[in-house]
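Please keep the model open beside the text as you read.

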Amino acid sequence: MELTGLLNYALFMGILIGIYALLSLALNIHWGFTGLFNAGVAGFFAVGAYVSAILTSTPAGGRIGGFELPVVLGWLGAMVVAGAIAWPIGRICLRLRSDYLAIATLGVAEIIRLVIKSEDWLTGGSRGITGIPRPFGDLDYMASQAAYLALVLAVLLAVYLAVERQLRAPWGRMMRAIRDNEAAAAAMGKDVSARRLEAFIFGSAIMGLAGALFVHFNRSITPEAIDPMIATFLIWIMLILGGSGNNRGAILGALVIWLIWSMSEMLTDRLPAEVATQASYIRVFVIGLMLQLVLRFRPEGILPEESARQRHSTP
Amino acid sequence: MSAIDFINFYVVPGLVLGSIYAVGAIGITMVFGILRFAHFAHGDMATLGAFIALAFVGTGLDPWTALPLAMLVTAVVAVGIDKTFYDYLVKRPKILTVMASLGIALMIRSVVQVVWGVDPQPYVRGIVRPDSFGGILLRPRELYTLATVVVLVVGLVAFLHYTRWGKAMRAMSDNPDLARLSGVDNRQVTMLTWAIVGALTAASGFMLGINTELNSMMGWHMLLPMFAAAILGGVGRVEGAVLGGLIVGLAEEMSVLIVPSQYKMATAFVILLLILLLRPSGLLKGKVL
Amino acid sequence: MTQPKRLAAALALAGAAFAAPVHADVTIGLLGGLTGPIAGMAPAMVDSMKLAVGQVNEQGGIAGGKLNAVVGDSACNPQNATDAATKAVNVSGAIGIVGPACSGAVLAASNSVTVPAGVLTITSSGTSPQISKIDDKDLVFRTVPSDDYQGRALARTLKAQGVDKVAIAYVNNDYGKGLAESFKDEFEAHGGAIAGYAGQEDSKASYRSDLAELAKGGAKTLVLFHYGNSAGLTILRQAIENGFFENFVGADGMRDEAMIKTLGADNLSTFRVSAPMGESGAAFDAFSAGFRAAGGDPNATFAATSYDAAFLMALAIEHAGGDKSKLSASLRAVSSAPGEPILPGEWAKAKQLIAEGKDIDYKGAAGDHEFNEAGDVPGQYELFKVSGETYESVTEMK
C-alpha cells in the first residue's frame with residue numbers, strides 16, 4: 001500500500017468529510033442556534049441533490065429535466081428549492097415542541113423519500129438520475145479528486161464564514177435569545193416564528209447545497225443515498241459529538257465521526273471471514289454507544305458553544 | 001367488491017395490524033406521559049422482544065407460551081437500559097434523552113443483527129389457511145392476537161385505576177412534583193413504567209412476528225405508525241393509544257383503495273402530520289408536551 | 001480526556017493493522033451489501049465469491065502468488081460504496097473489484113473510484129439499465145443480465161405457455177421496477193393483458209389489501225418481482241393462505257430455498273421461478289457441488305452470478321499476468337468464444353491452458369457471459385419449479 005494510495009484515500013475522505021461538514025453546519029443552524037430538532041435532514045439533502053441533478057444532467061426519456069445547465073446553476077437551484085420547500089414545512093411544523101418536531105420532520109423526510117422512489121417522471125424513480133457532470137471530472141484520478149476537494153473546501157469555507165458572521169451579528173444574538181427563553185424574547189416584541197422560519201430555511205438551503213455537491217461527485221443519484229441512517233442520524237451524531245452551537249465543533253464532529261466510520265471498517269475486514277459480516281453490524285453499535293458516552297460525559301461536545309464573552313472578545 | 005371481501009381483506013388485516021400498533025402505542029404514550037419524552041428506541045425494543053421469544057421457541061416452547069417469558073425478559077432489559085443510559089440524563093433537558101434513545105435504537109438493532117442475523121425467520125413454518133366464521137376468514141393466530149390485546153389493555157387499565165402503583169403512575173404523569181410531595185417515589189415509578197413498557201413492546205413485536213415474519217428492521221418500520229397512533233389518540237391516554245392504533249392500522253390497509261400501494265407507508269405519516277397540525281392534543285384530549 | 005487521545009489510539013491501531021507484511025500477491029476487493037436492504041442476500045453472495053477465491057488458491061494460486069480477497073461493505077448506498085471502493089483500491093491495493101451489489105452503489109463507485117483509478121469492476125447483481133450507460137472506458141462489466149432481458153424473456157415464456165392475463169406485484173426499487181416494466185412491455189406487445197400492476201414497499205406487515213386490489217382484475221396468475229427473503233415471502237404466503245390467485249411466477253429474486261422451508265413444498269406446486277442459467281447445466285452443477293460442499297445454497301439469489309464474477313476476475317488476472325492495465329482486454333479474452341471451455345472450479349486446467357497460450361472460454365454457472373460492447377450479458381434463462389427442498393428446471397426460456 002503506497003503513498004499515492006493513501007493520498008487518494010485521504011482526498012476522498014476529505015471530500016466526504018467536507019460534504020458532511022456542510023450538513024453538520026446546517027444542522028447546527030437548526031439545532032445549535034435555534035433549538036429546532038430537525039430529524040429530517042435527509043429530506044433536504046435529497047431535494048437539493050435531485051434538483052441539481054435534474055437541472056444539469058443529460059436528457060433521459062420519460063423524465064423531466066435534461067436541461068444540461070452549468071453546474072453552478074444546478075447548485076444555486078438546489079439551494080433555492082431546498083429553501084423553498086422548507087418554507088411550507090417550517091410554517092406547518094415549527095410551532096411543534098421539540099419531540100413532536102423531530103417526529104414530524106422524520107415523517108416529512110420519509111414522505112420525500114417515498115415520492116422520490118415512486119414518481120419516475122420527476123426523479124427517475126428507483127433508477128435514479130445519471131449523466132450528471134462533474135467539475136474537473138476529466139482530470140486524472142488524483143488530480144480530479146484534489147480539484148473537487150478544493151471546490152468542496154472553498155464552498156465549506158464560504159458557508160462557514162457566512163454562518164459565523166450571522167452568528168456574531170444581531171440576528172445571531174436574537175436567535176439564541178429565542179432559543180434560550182422564548183417567552184422573554186416574545187415579550188420583547190421579537191417575531192419568534194418568523195425568525196425561526198428564517199433559520200430553518202437558511203439551514204435547509206445549505207443542506208440542499210450539500211446534496212448537490214454530493215451528486216456531482218458521483219455523477220449519479222439513486223434513492224438509496226437518502227437512507228435516514230447515513231443522511232440524518234450520522235450527522236446528528238457528528239454535531240452532538242463535535243459540539244452543537246459551535247460551528248468549528250460541527251466541522252470537527254464531521255471529521256471525527258467519518259474517520260471512525262470509515263477506518264473502523266478496515267479493522268473489521270481484517271477479522272476472520274465468519275466474523276467480518278457480523279462486524280459490520282458492530283460498527284453501528286459502536287456509533288450508537290459513542291453517542292451515549294458523549295451524552296453522558298461531555299454533552300456539550302468536544303468544542304462547546306462559546307459564551308457571550310468569548311464571542312465578543314474575538315473579532 | 002362484496003362486503004364480505006371488504007371485511008376479510010381490508011378490515012380484518014387492518015384490525016390485526018391496528019391491535020399490534022395499539023399495544024406498541026400504549027408503551028409510547030406511557031413514556032410520553034410519565035417520562036415525558038419521545039421514545040425512539042421503542043420499535044427496536046419490540047424487535048428485541050420478538051427475537052427473545054424466538055429464542056424461547058427454539059428451546060421447544062410453543063410460541064404463545066414463549067410470549068409471557070419474552071415479555072418478562074424484555075421488561076428486565078428495559079429497566080436495565082434505563083438505569084444505564086437514561087438515568088443520568090433525568091435532570092437535563094429531555095431532548096438529550098430523546099437523542100440517547102435514538103442511539104439505543106441503533107444499539108439494540110445491531111445486537112439483534114449480530115445474534116440472530118438478518119434473514120427473515122418465522123415462528124412457525126408452513127402456511128395456515130384461515131377458518132371461516134360465517135364467511136369471515138380468521139386464523140387462530142389472529143384470534144389470539146386480538147384476544148391478547150384485549151387482555152393486555154383491560155389488565156393495564158385496571159392496574160392504572162385500581163392499584164396503588166397504578167395511581168402513582170397516573171399521578172406522576174399529571175404532575176411529577178406534586179406526586180413527589182404526596183410521597184410517590186418517582187424513581188420506583190420510573191422503573192415500573194419501564195418494566196411495563198418493555199413487556200408491552202415485546203408483545204407487540206411478537207404479535208407482528210407471529211402474523212408475518214421476524215426480521216431485524218421490523219420494529220423500526222413500526223415506529224412512525226406507533227407514534228402516529230399514540231399522538232392521534234392523545235398523548236398519555238391509554239385508551240387513546242388503542243383507538244389511535246386501530247385507526248392507523250385500518251387506514252393503512254384501506255389506503256390502497258385510494259392511493260398507489262407504494263404509498264401505503266405514507267398513510268401513518270400523513271395521519272401524524274394532520275393530527276399534529278389540526279389537533280395536537282389528539283382525539284381523546286391528551287397532553288401536549 | 002479523551003477525544004484527541006482516542007483518535008490517536010484508533011489511528012495507531014489502524015496503522016498496526018496495515019503494517020502487516022505484503023506478499024507479492026494479488027488483491028481483489030469483494031464489495032457486498034453486507035448491511036442495508038439486501039443484507040439477507042449478502043452472505044451467500046460473498047461466500048460464493050470466496051469459494052472461487054479458495055479454489056484459485058488451492059489449485060495453484062494466481063500470477064505467481066496467492067489471491068487475496070478483501071471484503072468491503074457497500075451498505076447498498078453511494079456513500080458507503082464509494083468509501084469501500086476507495087479503501088479497497090487505495091489502501092488494500094486491489095486491482096479488481098467484484099461488486100458492489102446494488103445498482104446505485106455500482107453507479108457511484110464506478111463513477112468516482114474504479115473508472116478514474118483504472119480498476120476493473122464486475123458486478124454480480126447490479127441489474128439497472130443505467131449501468132450500461134456508464135462512460136466506463138470498458139472497465140465495468142456484469143455477470144447478471146440487465147432487468148430488461150429477464151422481464152422480457154419471462155413475458156414471452158408465459159405467453160407461450162398459454163397465460164394471457166396476469167397481475168404484477170413488484171418491489172419498489174430498481175430491480176423490481178425494471179423487471180415489471182420490461183415484462184409489461186413485452187407481454188402486452190405479444191397480446192397479453194395486465195390485469196393488475198402495483199408496487200409495494202418492503203417490510204410491511206400485511207399485503208392482503210394489496211393482493212385484493214391486484215386480484216380485482218380477474219387474473220389467475222400473479223407475477224412477483226420481489227425478493228424471496230423479504231416481502232416476496234410475505235406476499236406469497238398471504239396470497240396462498242387467502243386463496244388469491246392460483247399460479248405464481250417469480251424472477252430470480254424469488255428463487256430462494258429458505259422460502260421452500262418456510263412455506264412448504266406442497267404449498268408451492270404452482271410456483272415457477274426464472275433464473276439466468278448457463279447453456280449446459282453442467283456448469284451450474286459444478287458450481288452447485290462445490291458450493292454445497294462449502295455449506296452454501298447454490299440457489300440463493302445471485303449466488304451463481306457472484307461466483308462467476310469472482311472466477312472470471314481471477315481468470316482475467318491470470319491471463320493478464322497480474323497487470324492491471326490489461327485486465328479489461330483479458331476479461332474479454334477469457335470469457336468469449338471461441339476457446340477451450342472452462343467450467344466452474346476448473347482453475348488448474350485454466351491456468352495450464354493460459355500458460356500454454358491457448359484460448360479459453362469460461363462457461364459460467366449463471367450463463368456463458370459473452371460480454372457485449374457495454375460489458376453486459378444477454379442472459380439465458382430457465383424456468384424452475386419446486387422439487388423437494390430445491391428447484392428443478394422445467395424449460396428453457398426463449
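Asp44(B) and Arg109(B) are both buried, where buried stands for under 20% relative accessible area, exposed for over 50% and partly exposed for in between, with a 1.4 Å probe and protein chains only. Their side chains form a salt bridge of 2.9 Å from N to O; the term asks for a side-chain nitrogen of Lys or Arg within 4 Å of a carboxyl oxygen of Asp or Glu. Asp44(B) belongs to helix H2 (residues 42–58) of chain B and Arg109(B) to helix H4 (residues 94–116) of chain B, so this pair ties together parts that are 65 residues apart in sequence. Helices (H or I, at least four residues) and strands (E, at least two) are DSSP runs, numbered from the N terminus.

A word on the background: this is a predicted model, in which local features need pLDDT of at least 70 and side-chain atom pairs count only at pLDDT 80 or more, while totals for chains, interfaces and linings use all residues. Residues are numbered from 1 along each chain as its sequence is written, chains are lettered from A and ligands numbered from 1 in the order in which they are written, and side-chain values use heavy atoms, with hydrogens and water left out.

**Salt bridges**

Side chains of opposite charge can pair when their charged atoms come close. Over all chains, the search of the whole structure finds 36 salt bridges.

| Glu201(C) | Lys117(A) | 3.3 Å |

Glu201(C) forms a salt bridge with Lys117(A). Glu201(C) sits in the loop between strand S7 (193–200) and helix H7 (208–215) of chain C, and Lys117(A) in helix H4 (residues 98–118) of chain A, so the pair joins two chains. Glu201(C) is buried at a relative accessible area of 7%, and Lys117(A) is buried at 13%.

Asp120(A) is partly exposed, with 22% relative accessibility, whereas Lys177(C) is buried, with 6%.

A network of salt bridges links residues of chains B and C, among them Arg139(B), Glu213(B), Arg208(C) and Glu241(C).

**Where chain A meets chain B**

How many salt bridges does the rule find across the interface of chain A and chain B? The number there is 0. The contact (heavy atoms within 4.5 Å) takes 38 residues from chain A and 44 residues from chain B. Between them the two chains bury about 3,700 Å², 78% of it on carbon and sulfur atoms; buried area is the accessible area (1.4 Å probe) lost when two parts are put together, summed over both. On the side of chain A, Tyr100(A), Ile103(A) and Tyr281(A) lose the most area to chain B, together 19% of what that side buries.

**Helix H10 of chain B**

Several residues of H10(B) are buried, including Val238(B), Gly244(B), Val248(B) and Glu253(B). The buried residues of this helix pack against helix H1 (3–35), helix H5 (140–162), helix H9 (218–233) and helix H11 (266–278) of chain B, together with H7 of chain C.
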